[in-house]
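New notebook page. I want to get my bearings in this chain before looking at single residues.

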Amino acid sequence: MDRLPQEVALEILSRLPLLSLVQSKSVCRAWRTFIQDQLLLKKHFKHMVENDPSFILQIMGHCIQNQLYFGDLSSDPNDENVMVIAKKLTIPPLLSFHLVSSCNGLLLLSATHPSFELCIYNPFTRDYVELPKRSHHAGVLGFGFDPTTKKYKVVEISYKRITHLYFCRRVVRFGMRPASQTAASSVEVHILTISSNTWRNLGSFPFRFVWQKSQVLVNGKLHWRATTNLIMSFDLATEQFKEVPRPNFIASNRRIHELVVLRGCLSAVSFDDDNEELEIWVMKEYDVKESWVKQFSIGAYVPKMLQANYQCHSSNDPRFHSRKEWIQVLCLLKSGGLLLQYRNKALVVYDPHCRTFQDVEVPYEEIPRCLTTVVHVASLNWIDT
């Protein structure tokens with residue numbers, strides 16, 4: 001490797017799988033230094049983005065707690081089965097944690113720890129940084145990279161419950177008795193730049209956001225759906241909220257089920273109460289309402305892992321007539337297929353051309369009680385604090 005021109009060595013190493021690149025750091029000190037070069041890391045990350053996305057799985061079971069796996073999809077050309085090639089990852093020294101989101105190869109974890117509540121973790125370098133404790137109430141989290149300052153930021157929309165008591169004049173034995181009470185929520189936005197030790201309060205916000213399972217970061221902006229069926233963005237550079245144009249189906253009786261990123265495009269998953277099909281609308285040109293197009297329709301399907309549970313219930317059970325609400329859309333594969341997750345337990349690949357479903361084999365140590373999956377572009381990136 002020492003005899004190769006630097007640009008040739010850079011091109012070779014940038015195309016290695018991440019696990020091979022990590023192992024190469026142990027060859028010698030010169031290789032370790034070269035592999036940590038920012039130019040190589042950026043080039044390697046670019047190649048990873050162009051491939052099918054990998055993902056991080058957090059599996060919770062009766063015997064398994066707080067275990068992370070790095071997963072890649074693999075298909076057998078002989079029987080066309082799709083399975084996950086999973087590698088168990090080393091986890092940080094935490095009592096317990098929840099996988100929140102991923103950005104540029106870094107994970108945001110919500111942790112149970114005496115001295116901190118959130119941390120940023122790179123599961124391949126095993127580096128992690130503890131974030132300062134919050135003085136505000138916990139809420140909806142977002143994690144992203146500000147391209148203008150080259151800094152990572154964590155955003156949290158928190159809800160502080162306020163209870164108002166109203167007293168009547170009726171006197172009881174031990175004094176006044178409250179006749180009634182009402183509750184309201186004060187919505188506040190807080191932000192933390194990772195290089196800082198202080199959460200900043202950006203003030204109040206007039207909307208309530210819906211918690212979502214996946215990180216939605218497009219064009220340097222985090223996205224949430226509000227309870228009013230609006231799509232709101234938060235610009236990590238200007239730290240301002242803005243309403244994003246919605247698809248035309250909002251005029252009908254359809255509503256947004258979740259937001260997701262498909263090949264870099266903001267996408268909206270929708271359904272109505274009378275239609276068994278999920279629709280996926282994709283915004284081809286960001287912030288342009290006319291660029292929304294309906295790209296996918298997904299019919300009803302019950303994965304094999306869930307079929308026994310499904311058959312045990314009466315067809316009159318309303319929970320099983322809303323199967324579309326089970327589905328989480330994870331990502332769009334290079335083959336054109338969609339990777340889906342059902343009821344936080346089963347992974348499925350949907351082929352929109354043939355309208356067929358393939359259950360994904362995951363080498364579980366036990367059937368998971370709960371499965372958290374985030375799309376993850378693995379990287380050796382770290383944070384300059």
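**Ground rules.** This is a predicted model, where local features need pLDDT of at least 70, side-chain atom pairs count only at pLDDT 80 or more, and totals for chains, interfaces and linings use all residues. Residues are numbered from 1 along each chain as its sequence is written, and side-chain values use heavy atoms, with hydrogens and water left out.

**Whole chain.** I looked up the secondary structure and found five helices and 24 strands (DSSP runs: H or I of at least four residues for helices, E of at least two for strands, numbered from the N terminus). Of the 385 residues, 48% are buried, meaning under 20% relative accessible area with a 1.4 Å probe, protein chains only.

**The core.** Next I went to the largest nonpolar core, which has 23 residues. Such a core is a set of buried Ala, Val, Leu, Ile, Met, Phe, Trp, Tyr and Cys residues joined through side-chain atoms within 4.5 Å. Among the members that touch the most others are Leu 262, Ile 280 and Tyr 342. Elements giving two or more residues include β16 (255–262), β18 (278–283) and β21 (338–342).

I checked Ile 280 for contacts (heavy atoms within 4.5 Å). Leaving aside neighbours within four places in sequence, its partners include Leu 262, Phe 296, Val 329 and Leu 338.

**Asp 235.** Beyond four places in sequence, Asp 235 touches Gly 220, Lys 221 and Gln 240. I also noted a polar atom of the Asp 235 side chain 3.3 Å from the backbone nitrogen of Thr 238.

Conventions:
Buried < 20%, exposed > 50% of the residue type's maximum accessible area, 1.4 Å probe, protein only. Polar contact = N/O pair within 3.5 Å; in protein donor to acceptor, adjacent residues only side chain to side chain.
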